Amino acid sequence: MQQQATETVDRSQMTVSDEVAIQITKMNKWYGNFHVLRDIDLTVHRGERIVIAGPSGSGKSTMIRCINRLEEHQAGKIVVDGTELGSDLKNIDKIRSEVGMVFQHFNLFPHLTILENCTLAPIWVRKVPKKEAEATAMHFLEKVKIPEQAHKYPGQLSGGQQQRVAIARSLCMKPRIMLFDEPTSALDPEMIKEVLDTMVSLAEEGMTMLCVTHEMGFAQAVANRVIFMDAGQIVEQNEPKAFFNNPQHERTKLFLSQILGH
Amino acid sequence: MSDTHAQTVAFVRDTMVEEQEPPLSQSGAYKWIHENMFSTPLNVILTVVSLFVIWTVLSHLLPWAVMGIWDADSLAQCREIRDEIYGADASVACWAVISERWNQLLFGFYPPELYWRPVLAFVLFLAAIAPVLFASVPRKALWFSAAAPFVLYWLLWGGSLWGPIAVAAGFALGAVVMRFAAPALGALAAVLLAIFVPLLYWFTLSGPLAGALNAVIPLELVNVRSNDMGGFMLAMIIGVSGIALSLPLGIVLALGRQSDLFIINKCSVIFIEVIRGVPLIVWLFTASLLLNYFLPPGTNFDLMLRVIIMVTLFSSAYIAEVVRGGLAALPKGQYEAADALGLDYWKSMRLIILPQALKISIPGIVNTFIGLFKDTTLVVFIGLLDPIGLSNAIRASTDWNGIYWELFVFIGLCFFIFCFSMGRYSLFLEKKLRREHR
């Protein structure tokens with residue numbers, strides 16, 4: 001596990017406010033007859049860093065993908081930044097432009113340069129002038145430490161660099177919430193660190209984050225809450241210390257013993 | 001580096017080995033010939049047999065073509081000249097038919113004093129497609145490409161320039177409607193309105209408007225009827241219009257077939273399957289014969305226009321399937337990333353999905369275009385004088401009765417040049433895009 005990230009985290013800006021960023025109540029989802037998400041209740045406050053863990057197939061990715069409607073939920077209610085997710089396309093596009101998402105496989109646009117990847121959505125969705133969008137993009141590319149790659153194509157970059165570009169691309173939309181869907185699962189160990197460092201620095205700036213990840217070091221260092229899911233439901237949630245040192249549910253104990261045991 | 005084996009394999013090089021040429025038997029033409037033609041006994045036999053076959057064919061074909069006679073007024077005269085030069089047994093081509101009927105093969109029965117119009121149109125056409133085909137041409141030239149269809153129509157058919165301008169104004173009207181209606185009404189309603197308003201305009205206002213403008217400032221060319229057009233000009237008009245129109249229509253159909261909206265989806269599927277499931281020749285007969293029954297009596301709907309519409313619909317069904325393949329080949333992540341950034345459907349299609357899907361589909365699209373271009377020769381069956389039709393007409397004259405090969409070789413060669421260049425362009429484009437994106 002990536003323990004080295006733990007020591008140097010600056011917690012001064014990591015403050016959780018009372019303002020509710022995401023409110024999920026009694027959310028249920030089915031794939032056909034298969035009940036993937038069962039009675040999910042989750043309240044995320046502004047500034048929270050939540051790590052979602054669990055075995056594969058437990059519904060963790062599906063849950064965060066419901067938050068920006070990449071997946072549709074069939075029952076219950078999701079309110080993001082005060083806007084309820086319904087079938088209204090206007091609301092969906094509004095929420096999507098406020099909520100950044102980083103994928104396991106980066107999903108950069110291979111036919112556009114790094115800079116174009118970053119400026120596309122600000123220019124076409126936010127109607128930001130091109131010059132300004134490019135300046136913002138360069139700012140965030142510097143932040144993820146790859147401004148020199150701006151004019152290359154995604155295919156010319158390593159996996160870790162691509163994932164950092166993907167993070168910069170999301171940040172260019174100035175999102176209020178960031179969703180991370182297993183951002184390091186497709187990376188080599190060396191590259192995992194550079195991506196996690198980027199995520200840590202985001203957390204240090206007080207971004208509201210939901211991360212589906214298996215990086216327990218990151219969870220311990222950055223998260224203020226760890227959620228454990230199994231069989232489509234939230235089995236246990238707690239602050240990281242208590243979660244790792246004193247898990248309550250049998251399923252959590254088994255899971256932790258398996259991933260931390262070696 | 002490592003000193004583990006220092007005792008057992010001690011070695012110090014005292015002279016460096018100079019760079020050397022590979023052995024003669026392992027380089028250059030000798031190696032290539034050996035490897036590719038004479039590597040095994042079987043290959044030796046195959047090579048010898050192939051060379052013999054090639055030699056046999058060429059030894060008959062080349063003298064026939066090269067010794068061909070270019071200067072004669074009829075087949076009979078051709079034969080006389082042949083008897084004089086080579087003797088009566090010689091088999092030589094009579095290319096004179098091409099030089100004598102050159103204009104007819106190019107323009108059909110277009111009035112000779114107006115030949116400058118199709119020639120100018122062809123030059124303008126080349127200028128107009130340059131910015132579409134090659135990114136190195138300044139992007140501003142695309143405005144000329146957009147205006148070109150109307151100018152070309154005017155040049156070829158003549159009449160008043162105001163007619164095409166009035167029609168073009170309809171497209172501008174649609175764009176304006178789209179631009180101002182989209183924020184107020186949403187994308188779908190705006191698209192429908194942007195289709196409906198220009199249609200209304202074309203059916204009501206555009207005719208009188210063109211007439212009125214022409215009365216004020218007459219800009220007229222002599223009218224030429226479609227019936228007078230023929231030869232390669234006809235093939236080009238049908239082929240190029242079909243290509244230019246079927247690509248956008250095919251893309252729309254492919255998107256429709258992928259759509260979640262039930263009615264749009266099913267309409268696209270039915271359209272594609274019906275059009276694709278019936279031979280082109282049947283559609284052409286429909287265009288030339290049956291369509292008249294459905295149109296109000298007295299309407300004279302130009303046959304060439306009907307053929308262009310049918311050819312377009314036919315190849316758009318194929319394009320739709322090719323593009324659908326490209327769309328399906330894109331990873332789902334591309335759609336999701338576009339969605340997650342808040343791009344709406346049209347923007348994500350235009351900016352993310354289609355550029356990639358079309359790039360994948362280039363070989364298939366060009367393949368369809370090549371097929372379409374060659375299929376223009378089928379119009380001979382509904383009485384249009386395409387090059388094949390003209391070759392029949394030429395043979396029907398007493399001068400050239402009995403001449404087959406020369407005309408077919410020439411027509412085949414011309415089609416080959418067009419189709420081969422399309423194929424080469426496709427390769428060029430694929431290579432260029434691959435280089436850019438990697």
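Which side chains meet in a salt bridge at 3.0 Å, N to O? Select B:Arg276 and B:Glu273 in this predicted model: their side chains form that pair. Both residues belong to helix α12 (residues 262–277) of chain B, where they sit three residues apart, about one turn of the helix. B:Arg276 has a relative accessible area of 29% and is partly exposed; B:Glu273, at 34%, is partly exposed as well.

**A network of charges**

Next, select A:Lys29, A:Arg65, A:Glu71, B:Lys332 and B:Glu336, which salt bridges with shared partners join into one network. Begin with A:Glu71 and A:Lys29, whose closest N and O atoms are 3.9 Å apart. This pair links distant parts of the chain: A:Glu71 is in the loop between α1 and β4 of chain A, and A:Lys29 is in strand β1 (residues 20–31), 42 residues apart. A:Glu71 and A:Lys29 are both buried.

Then move to A:Arg65 and B:Glu336, a salt bridge with its closest N and O atoms 2.5 Å apart. The count between chain A and chain B is one salt bridge, while over all chains the count is 27.

**The interface**

Now show the contact between the chains, with 24 residues from chain A and 21 residues from chain B. Colour A:Phe109, A:His111 and A:Trp124: they supply 29% of the area that chain A buries against chain B, more than any other three residues. Together the two chains bury about 2,000 Å², 62% of it on carbon and sulfur atoms. Six residue pairs are in polar contact across this interface. On the chain A side, α2 (89–98), β6 (99–102) and α3 (114–124) each give two or more residues. That side is made up of 14 nonpolar, five polar and five charged residues.

Go to A:His73, in the loop between α1 (60–67) and β4 (75–80) of chain A. A:His73 counts as buried because its relative accessibility is 10%, under the 20% limit. Among the residues A:His73 touches are A:Met27, A:Asn28, A:Lys29 and A:Cys66. Select A:Arg69 and A:Glu72 too; their side chains meet in a salt bridge at 3.7 Å, N to O. A:Arg69 is buried at 12%, whereas A:Glu72 is partly exposed at 47%.

**The cores**

Finish with the largest nonpolar core, which has 128 residues; A:Ile22, A:Leu210 and B:Ile352 are among those with the most contacts inside it. Helix α16 (residues 345–375) of chain B gives the most to this core, 13 residues. Centre on A:Ile22 to find its contacts, including A:Leu42, A:Val44, A:Ile67 and A:Leu210. A second, separate core of 49 residues includes A:Leu141, A:Ala150, A:Met199 and A:Ala219.

Key: Residues are numbered from 1 along each chain as its sequence is written. Chains are lettered from A and ligands numbered from 1 in the order in which they are written. This is a predicted model: local features need pLDDT of at least 70, side-chain atom pairs count only at pLDDT 80 or more; totals for chains, interfaces and linings use all residues. Side-chain values use heavy atoms; hydrogens and water are left out. Contact means heavy atoms within 4.5 Å. Buried area is the accessible area (1.4 Å probe) that two parts lose on being put together, summed over both. A salt bridge is a side-chain nitrogen of Lys or Arg within 4 Å of a carboxyl oxygen of Asp or Glu. A polar contact is a pair of N or O atoms within 3.5 Å; within protein, one must be able to donate a hydrogen and the other to accept it, and residues adjacent in sequence count only if both atoms are side-chain atoms. Helices (H or I, at least four residues) and strands (E, at least two) are DSSP runs, numbered from the N terminus. Ala, Val, Leu, Ile, Met, Phe, Trp, Tyr, Cys and Pro count as nonpolar, Asp, Glu, Lys and Arg as charged, and the others, Gly among them, as polar. A nonpolar core is a set of buried Ala, Val, Leu, Ile, Met, Phe, Trp, Tyr and Cys residues joined through side-chain atoms within 4.5 Å. Buried means under 20% relative accessible area, exposed over 50%, partly exposed in between (1.4 Å probe, protein chains only). Lists of a residue's contacts leave out its neighbours within four places in sequence.
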